[in-house]
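User: Can you go through the charged pairs and the helix packing with me? I'll paste the model here.

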Amino acid sequence: MSTRGINFLDKWMAEHLPNAITDDALAIIYLTEEAIKAAGREGIPPEEISEEVGSLFEVILQAMQHREGGLVE
């Protein structure tokens with residue numbers, strides 16, 4: 001993933017993920033779609049973000065399930 005993609009995703013997640021812990025698939029799908037749309041508005045194609053992280057859905061799901069911070073084990 002490009003530095004631009006990493007920076008975008010980190011900033012977007014910090015600003016847009018709710019503080020509540022959830023594993024609600026519909027909420028995660030919505031957040032994933034919103035992240036993709038926001039990236040597009042910044043001129044960042046989805047492929048640029050997903051090259052290294054794989055599934056953006058999975059990244060957001062993991063972030064939502066581990067809101068306390070730290071690395072996922």
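**Salt bridges and helix packing**

Analyst: This is a predicted model. A search of the whole structure turns up two salt bridges.

User: Which residue forms a salt bridge with Glu 48?

Analyst: Arg 4 does, with the closest N and O atoms 2.6 Å apart. The pair links distant parts of the chain, with Arg 4 in helix H1 and Glu 48 in helix H3, 44 residues apart.

User: Is Glu 48 buried or exposed?

Analyst: Buried, because its relative accessible area is 14% and the cut-off for buried is under 20%. Arg 4 is partly exposed, at 42%.

User: And where do Glu 34 and Lys 37 lie?

Analyst: Both are in helix H2 (residues 25–41), three residues apart, which is about one turn of the helix.

User: Switching to packing. At what angle do the axes of H1 and H3 cross?

Analyst: Roughly 90°, and the axes of H1 (residues 3–16) and H3 (residues 46–53) come within 9 Å. H1 is therefore roughly perpendicular to H3.

User: Which residues make the contact?

Analyst: From H1, Arg 4, Gly 5, Phe 8 and Leu 9; from H3, Glu 48, Ile 49 and Val 53.

User: How do they divide into nonpolar, polar and charged?

Analyst: Four nonpolar, one polar and two charged.

Technical notes. Residues numbered from 1 in each chain as written. Predicted model: local features only at pLDDT ≥ 70, side-chain atom pairs only at ≥ 80, totals over all residues. Heavy atoms only, no water. Axes fitted to C-alpha atoms, helices over the stretch in contact; angles between N-to-C directions. Helix = DSSP H or I, 4+ residues; strand = E, 2+ residues; numbered from the N terminus. Parallel < 35°, antiparallel > 145°, perpendicular 65-115°, else oblique. Contact = heavy atoms within 4.5 Å. Nonpolar A, V, L, I, M, F, W, Y, C, P; charged D, E, K, R; others polar. Salt bridge = Lys/Arg side-chain N within 4 Å of Asp/Glu carboxyl O. Buried < 20%, exposed > 50% of the residue type's maximum accessible area, 1.4 Å probe, protein only.
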